Amino acid sequence: MKDKTKAILFMIFSGFAFGLMGATVKLSGDIPVFEKVFFRNFVSLLVAFYMIKKSKVSIFGKIENQKFLMLRSIMGLLGVFANFYAINHLVLADSTMLNKLSPFFVTIFAFIFLKERLSKIQIPALIFAFSGALLIIKPQFSLEVLPALSGAFSGMCAGAAYTVIRYLKGKEEPATIIFYFSLVSVLGTIPFLLFNFQVPSQYQLIFLLGTGVFAALGQFMITLAYKYAPASEVSIYNYFSVISSGIIGFILWGEIPDSKSISGAIIITLVAVVSYVYIKKEESQVLKTSA
């Protein structure tokens, strides 16, 4: 099997794992969001610690990178909070799709903070992507819009976190970044647990642990995918998580997104695919010119 084929399969499996993570978040019931986030990150912390020990890299990273590691961790934690809140209150496919706005936010943040240039297609792509998001969010003067706004906010936070990760590329090991984020997330949720801890039932505990296991599995699969092929070549397959979330949501709860949500999801996905193809073509032309 070719390396790129392996990478694609790992990305698809990752999407399925994250879809199952979303399902376990819902299945754990009325457990407070902070508690769900704690279990999700506690399992990831154990996995990250194992990765640190196995690869023998720095646990906390370099001194000069501490503020960036902390920023990545805080944005990631806020993103998980917002994502889990959206999952609890929205159709699973909708919450997943809104979280997948993160690549478009990366484009914005990388342009502002990393001074990366925008290609000709990225500005119209951003406009269409956020238009699609509006169809899913369905803006209204009501508190009912909060879960959808939370889903979009999770995508923004994830985009900010990925932008910092892009900055840290080559400066810190992936295992260090994951461990740092997991540790900050666990410590950051403990104060909320002390004030509002709900003892889970046996079944809820299984689902809470499942949330962490599937999140760690999804992240591990992505790491393997990027091992076998560049992120630019396989990242588009990460959108499979939207499909898997839709299938899982329909099977478990009979969830069917409304017509506006479906239209919004199609627009965002098409924009992502077209942008991916355009950028790959642009990179290919650059390579031919420099050869």
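Select Phe-34 first: this residue is partly exposed, with a relative accessible area of 31% (buried means under 20%, exposed over 50% and partly exposed in between, with a 1.4 Å probe and protein chains only). The model is predicted, so local features need pLDDT of at least 70 and side-chain atom pairs count only at pLDDT 80 or more, while totals for chains, interfaces and linings use all residues. Residues are numbered from 1 along each chain as its sequence is written, and side-chain values use heavy atoms, with hydrogens and water left out.

Rings of Phe, Tyr and Trp (its six-membered ring) pair if their centres lie within 6.5 Å; planes under 30 degrees apart are stacked, over 60 edge-to-face, and the rest tilted. The count by this rule is eleven aromatic pairs. Phe-34 and Phe-192 are a stacked pair, 4.0 Å centre to centre with 5° between the planes. Phe-34 is in helix H2 (residues 33–55) and Phe-192 in helix H8 (residues 174–195), so the pair ties together parts 158 residues apart in sequence. Helices here are DSSP runs (H or I, at least four residues), numbered from the N terminus.

Next, select Phe-105 and Phe-130, an edge-to-face pair at 5.1 Å centre to centre and 65° between the planes. Phe-105 lies in helix H5 (residues 102–113) and Phe-130 in helix H6 (residues 122–137), so this pair ties together parts 25 residues apart in sequence. Phe-105 is buried at 12%, whereas Phe-130 is partly exposed at 25%.

Go back to H8 and select Thr-189. The helix bends there by about 25°, and Pro-191 follows within four residues (the bend is the angle between axes fitted to the seven residues ending there and the seven starting there).

For charges over rings, show Arg-72 and Phe-181: the charged end of Arg-72 sits over the ring, 4.3 Å from its centre. Lys-26 lies over the face of Trp-253, at 5.6 Å from the ring centre. The rule asks for NZ of Lys or CZ of Arg within 6 Å of the ring centre and within 35 degrees of the ring normal.

Finish at Glu-255, in the loop between helix H11 (240–253) and helix H12 (259–290). Glu-255 is buried, at 14% relative accessible area. Leaving aside neighbours within four places in sequence, its contacts (heavy atoms within 4.5 Å) include Lys-26, Leu-90 and Phe-250.

Technical notes
Helices (H or I, at least four residues) and strands (E, at least two) are DSSP runs, numbered from the N terminus.
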